[in-house]
Amino acid sequence: MITGASDVVVIGGGISGTAAAYELARAGAQVTLIEKGTLASMASGWTLAGVRQSGRHPAELPLATAAVARWRQLGEELGADVEYRQEGNLRLARSPAEVPVIQKIVDEQRALGLDLTFLADNASIREIAPAIAQTVLAASYCPTDGHANPIATIQAFASAAERHGATLCTETLVTAIDAGDGRVRGVRTTSGHIAAGAVVVATGVYTTRLCAPLGLDVPIKVRQVAVVQTVPLAPLIQQVVGTGGANFAGRLEVGGRFRLSGGGRPWLHHLDKLAQGNDAVLPPSARVIDALARGIEVLPTLADARVARVWGGLIDATPDALPVIERAPEVDGLIVAAGFSGHGFCLGPVTGQIVRDLVLDGATSFPIEPFRSDRFAGISTRTEALLHG
Ligand SMILES: Cc1cc2nc3c(=O)[nH]c(=O)nc-3n(C[C@H](O)[C@H](O)[C@H](O)COP(=O)(O)OP(=O)(O)OC[C@H]3O[C@@H](n4cnc5c(N)ncnc54)[C@H](O)[C@@H]3O)c2cc1C
């Protein structure tokens, strides 16, 4: 199925692109990965990096479950410490209104086979995580969820891809995907043209504009999240913490820093501004204060924590908050893996496997039917994406 000297060009050096490059290279394909900045310079570097099955849409749950199985041995497989810790996830109900939200998640996901427990009162939550505020009413608890170090993970995928013969080109922008006679021919970049029989688009928020000239509509709205990282703290909590309203999440990193993020808001700048490297991605002060307030509400000890860093993260949100993962029907050899809507870090290892299957075999055994882009056809009013947390 692959033709040309460079079998596959992967565009994007986040977790989706580097995992795909790794899987393709170790399957024997000649791979060139092109990244316009440095590796993990966008969502995959800004992320909270929770590795979570709980709270997933049913369509994503099989992928998340398969991903967690991979995460358990990913560091060993890639030959690097990705700081994966399977220490659980608590999703908290802070108000009476959030209690049935959590209860519903537990009921639905238990029915789908996930090991998820409903903790019906504060005492049972604090038995697992004593630092949780006494005001929290209930929670879901998934012991098989966890977290990892995103920078270390992307670097590990990239290095492993290189060991299998992949070529990595950073600081190189893909300006267009070349296609003719119904199939991809390669890519044009700021460093010249690269011919390829297959092109993988793993470009996060830039995916809509890169695919549009080929007649492929991947509707993505950009949302912004404020992220705060503290200095190293005394051991606070092991579990990743989220909330019923999906407007707060936090986790203690290996090394003791607490990383927390607030809810997503529309980001109204032009993407070209990012390419020029200005401050458009930095979060407004009010969003930072909001994220911190939500953190302190559920983990009161955070009120005394010193803040080391603040940054903004952009999310590639589709209308239904599910990704597009497909071999594009319009253009042979074009594979899209984007629009992960704020929860694609966990899926990364499996995204790589799916992309490999789609490039090399044209199909995959993973259930990706719900992630076709044509599900958006005819949507006249694009709804605001809901994050699943
Ligand atoms: C604050 C925040 C918290 C999150 N928390 C979680 C979480 O707890 N758990 C979870 O699973 N997920 C989480 N996510 C989501 C997760 O981080 C992303 O879904 C995932 O990292 C997406 O990876 P990606 O490789 O698809 O995209 P990206 O990481 O955005 O990578 C795309 C890359 O493509 C490059 N690129 C774009 N256009 C071009 C071009 N034309 N030429 C060359 N290169 C190009 C970009 O520079 C970028 O590096 C969070 C995201 C954010 C922002």
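**Close-up 1. Lining of the second largest cavity in the predicted model.** In this predicted model, the residues Gln224, Val225, Ala226, Gly263, Arg265 and Arg287 line the second largest cavity, whose volume is about 30 Å³. Strand β12, which covers residues 221-232, supplies the largest share of this lining, namely three residues. Sorted by class, the residues around the second largest cavity comprise two nonpolar, two polar and two charged ones.

**Close-up 2. Lining of the largest cavity.** A search of the whole structure finds two cavities of 30 Å³ or more, and the largest cavity holds about 40 Å³ of space. Its lining is made up of Thr230, Leu260, Leu292, Leu302, Ala305 and Val307, which by class amounts to five nonpolar residues, one polar residue and no charged residues.

**Close-up 3. Crossing of helices α1 and α6.** Helix α1 (residues 15-26) and helix α6 (residues 150-163) have axes that come within 8 Å and cross at roughly 25 degrees. Because angles under 35 degrees count as roughly parallel, α1 and α6 are therefore roughly parallel to each other. The crossing of these two helices, α1 and α6, is left-handed.

**Close-up 4. Residues in the contact of α1 with α6.** On the α1 side, Ile15, Thr18, Ala19, Ala21, Tyr22 and Ala25 take part in the contact, and they meet Thr153, Ile154, Phe157, Ala158, Ala160 and Ala161 in α6. Divided by class, the residues of this contact between α1 and α6 are 10 nonpolar and two polar, with no charged residue.

Methods. Residues numbered from 1 in each chain as written. Predicted model: local features only at pLDDT ≥ 70, side-chain atom pairs only at ≥ 80, totals over all residues. Heavy atoms only, no water. 1 Å grid on protein atoms, 1.4 Å probe; cavity = no way out; pocket = protein on both sides within 12 Å on 5 of 7 lines; lining within 4 Å. Points joined across faces, edges and corners; volume = space filled by probe spheres on them. Nonpolar A, V, L, I, M, F, W, Y, C, P; charged D, E, K, R; others polar. Helix = DSSP H or I, 4+ residues; strand = E, 2+ residues; numbered from the N terminus. Axes fitted to C-alpha atoms, helices over the stretch in contact; angles between N-to-C directions. Parallel < 35°, antiparallel > 145°, perpendicular 65-115°, else oblique. Left-handed = near helix turned anticlockwise from the far one by under 90°. Contact = heavy atoms within 4.5 Å.
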